[in-house]
Amino acid sequence: MLLFKNMTAALTQMKLTHLPRIDSSLLSLAASRFPTLVTLELSCVERLDEHCCWLCFEESSTCCAHSPIPGVYATVDSLLSDFLKVLKPLERLETLFLGIFLSDADVLARHLERCAAVIMASPRTGYYPAPPFGPNKCAVCCAEHGVATRTRELRVKAAIAAAIPSIQSVGFSSWFPLGQ
Ligand SMILES: [Zn+2]
Ligand SMILES: [Zn+2]
């Protein structure tokens, strides 16, 4: 990444948003060039356009790797072991936030093809419902994926916290955050 070339190696905070993807090569580059990072926040999900219409939402979802499982990483365990390996140099890391969804890419794909059609056609919601359009606002998706997704997120966060002793806070983007 060209952007990193002019940055000081003693950087302690890195926050980047609107990334097309977050994978081990990006994390590895950040971790090896800036081993003193205390805060690392990288995010993709801003690329999702939830403010216009279903078509814009669907189209924007094809432009970033918002849900890298199973396309980029076959399983949550392969994502986890890869991330842990590349984050190892960050011995001072206290805050890690990765703006990707740990739920399968299928969660959004199914929501778009199944739920969107139902909601759009429903006389109760009107032909063209107002935003937002995410699975987090969808009773069907929340019932189907909420618990499993939160269990998966907790497992990943716990594993990262256990592997990086300095860590105080680990976060990911989620369609199904607690309390929603
Ligand atoms: Zn639109
Ligand atoms: Zn849905």
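The exercises below, with worked solutions, concern a predicted model.

**Exercise 1.** State how many helices and strands the protein chain has, and give their order.

Solution. The protein chain contains 5 helices and 4 strands. Read from the N terminus, the order of elements is β-α-β-α-α-β-α-α-β.

**Exercise 2.** Describe how helix α1 and helix α3 pack: what is their relative orientation, and which residues make the contact?

Solution.
1. Helix α1 covers residues 24-33 and helix α3 covers residues 76-87; their axes come within 8 Å and cross at roughly 15°.
2. Angles under 35 degrees count as roughly parallel, and α1 and α3 are therefore roughly parallel to each other.
3. The hand of the α1 and α3 crossing is right-handed.
4. From α1, the contact uses S24, L27, S28 and A31; from α3, D82, F83, V86 and L87.
5. By residue class, the contact of α1 with α3 has 5 nonpolar, 2 polar and 1 charged.

**Exercise 3.** Characterise the largest nonpolar core: how many residues has it, and which elements give two or more residues to it?

Solution.
1. The largest nonpolar core has 33 residues.
2. Inside this core, the residues with the most contacts are I22, L27, L40, C44, L90 and I100.
3. Two or more residues each come from α1, α3, β3 (95-101), α4 (105-121) and α5 (139-163).
4. The largest share, 4 residues, is given by β3.
5. Leaving out residues up to four places away in sequence, I100 touches I22, C44, V45, H66, S67, P68, F172 and S173.

**Exercise 4.** State what share of the 180 residues of the protein chain counts as buried.

Solution. The buried share is 27% of the 180 residues.

How values were computed. Residues numbered from 1 in each chain as written. Chains lettered and ligands numbered in written order. Predicted model: local features only at pLDDT ≥ 70, side-chain atom pairs only at ≥ 80, totals over all residues. Axes fitted to C-alpha atoms, helices over the stretch in contact; angles between N-to-C directions. Parallel < 35°, antiparallel > 145°, perpendicular 65-115°, else oblique. Left-handed = near helix turned anticlockwise from the far one by under 90°. Contact = placed C-beta atoms within 7 Å. Nonpolar A, V, L, I, M, F, W, Y, C, P; charged D, E, K, R; others polar. Core = buried A, V, L, I, M, F, W, Y, C linked by C-beta atoms within 7 Å. Buried ≥ 20, exposed ≤ 12 C-beta atoms within 10 Å, placed from the backbone.
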